[in-house]
Amino acid sequence: MTNPLKHLQARAGLLFDFTSGSFVPSALLKSSSLIVGARILGAVFGIFTQIALARLLSVEDIGLFFMAISLAAVLSIICTMGYPMLVPSIVAQANSEKNPARLAAFMSQSRRDTVIFSVIVLTVLGLAVWALPSLSDGFRKSLIFAALTLPAFVMMRLHGALANAHKRFGLGFLPDLFIRPLLLLVFVLVAWLSWTGLSIELILSGHVVIAIMLALWQMVRLANKSWIVGSPDNKTWTPARADRTGWRRKAAPTILAALFVGVFADLDIILAGLVLNEAQIGIFGVSLKISLFVAFGIQAIHQLILRDAADALQAKNHAQFHEIVRRANALSLMGSIAATVIVLVFGREILGIFGPQFQAGFISLCLLMFAQVVRAA
């Protein structure tokens, strides 16, 4: 006799396998665990890196570090011109038509357009560094290192979207979310033990090399994969002008959504950099990164209920579905309130781990924690 629970689990799930034409029961849970785990571990590596840098360098250098990486992250999304957001739909279309050459043509165009636009942005950054003597030395350095990192970030976003669309989540998410923060932490520790004249320029130069290496590694892993480009006789399809124009028109509006979803914290740092000096940016950046641990916890709770929620919806048990969501929201709210209380009591000591000068960010940290409570509610 068929187990009704197993039968329900076999039909539940939100990810559809276009190859077999069936739902994948465990894909959602596995991919969610991978993404959330990578984000949390990457955040842990990042916070340890920032603690090490705060102990070894000045608070102004920490501000320069945050500005350079945040500028590269935000500009990389703009330079991709929204193409990564279209990749899943193009993959699905190519699969349904059994014409992978359509995907190959789309990727070729997206690479060409992003390279051209990246060159334009890099030229503007170079002119700003050269032609604007009023720029502070710290902001000038941030622009230089952001420009050096930008091409690698652009390629990782574009190729990561391609890998994720084919459910190769390890290849799509791990290089940026997990491996890059880990390698940067290792580089900082090695540099600390090996060089007596440790500087922020050395750290940011190492980050540039790490980003380029990961982008090239990801590109090589994706090259000539049959599940991407198809067989050689399918590579002759050329998109019409209407297709190329349509892709650009659909991609452009998604840039704002990608900025909001992917690099909201980096946008905060850049906007703060317009009115704060390097030292204040460093203090604000550390406070923001601490508050994001609560955001990761909220995201993890929401990811963990997805499978149960899918089962409830598949069974048309709406009461159970609402109960699952209610419990998740209650847990997120209680957890964020508890974390905020801890910060109110021990926030100065937590900031003191980075150095006594960072305790000036106590009020900022409290406000950012209250914002996470609002998000959870």
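Predicted model: local features only at pLDDT ≥ 70, side-chain atom pairs only at ≥ 80, totals over all residues.
Local features here need pLDDT of at least 70 and side-chain atom pairs count only at pLDDT 80 or more, while totals for chains, interfaces and linings use all residues. Residues are numbered from 1 along each chain as its sequence is written, and side-chain values use heavy atoms, with hydrogens and water left out.

Let us start with the helices, which are DSSP runs (H or I, at least four residues) numbered from the N terminus. Two packed helices are described by the angle between their axes and the distance between the axes. Axes are lines fitted to C-alpha atoms over the stretch in contact, and angles run from 0 to 180 degrees between N-to-C directions.

| Helix pair | Axes come within | Crossing angle |
|---|---|---|
| α15 (residues 318-352) and α16 (residues 362-376) | 8 Å | roughly 175 degrees |
| α3 (residues 59-79) and α5 (residues 100-131) | 9 Å | roughly 140 degrees |

Angles over 145 degrees count as roughly antiparallel, under 35 as roughly parallel, 65 to 115 as roughly perpendicular and the rest as oblique. Therefore α15 and α16 are roughly antiparallel to each other, and α3 and α5 are oblique.

Contact means heavy atoms within 4.5 Å. In α3, Leu75, Ile78 and Cys79 meet Thr114, Phe117, Ser118, Val121 and Leu125 of α5. That contact has 6 nonpolar, 2 polar and no charged residues, where Ala, Val, Leu, Ile, Met, Phe, Trp, Tyr, Cys and Pro count as nonpolar, Asp, Glu, Lys and Arg as charged, and the others, Gly among them, as polar. The contact of α15 with α16 divides into 13 nonpolar, 6 polar and 1 charged.

Ile337, Val341, Ile342, Leu344, Val345, Phe346, Ile363, Leu367 and Phe370 make a nonpolar surface patch of about 850 Å² (residues with over 30% relative accessible area and no salt bridge, nonpolar side chains joined within 5 Å; areas by the Shrake-Rupley method with a 1.4 Å probe). Helix α15 gives the most, with 6 residues.

Finally, the structure holds 6 salt bridges (a side-chain nitrogen of Lys or Arg within 4 Å of a carboxyl oxygen of Asp or Glu). One of them joins Lys141 and Asp137 (3.5 Å, N to O).

Notes:
Helix = DSSP H or I, 4+ residues; strand = E, 2+ residues; numbered from the N terminus. Patch = residues over 30% accessible without salt bridge, like charges linked within 9 Å, V, L, I, M, F, W, Y side chains within 5 Å.
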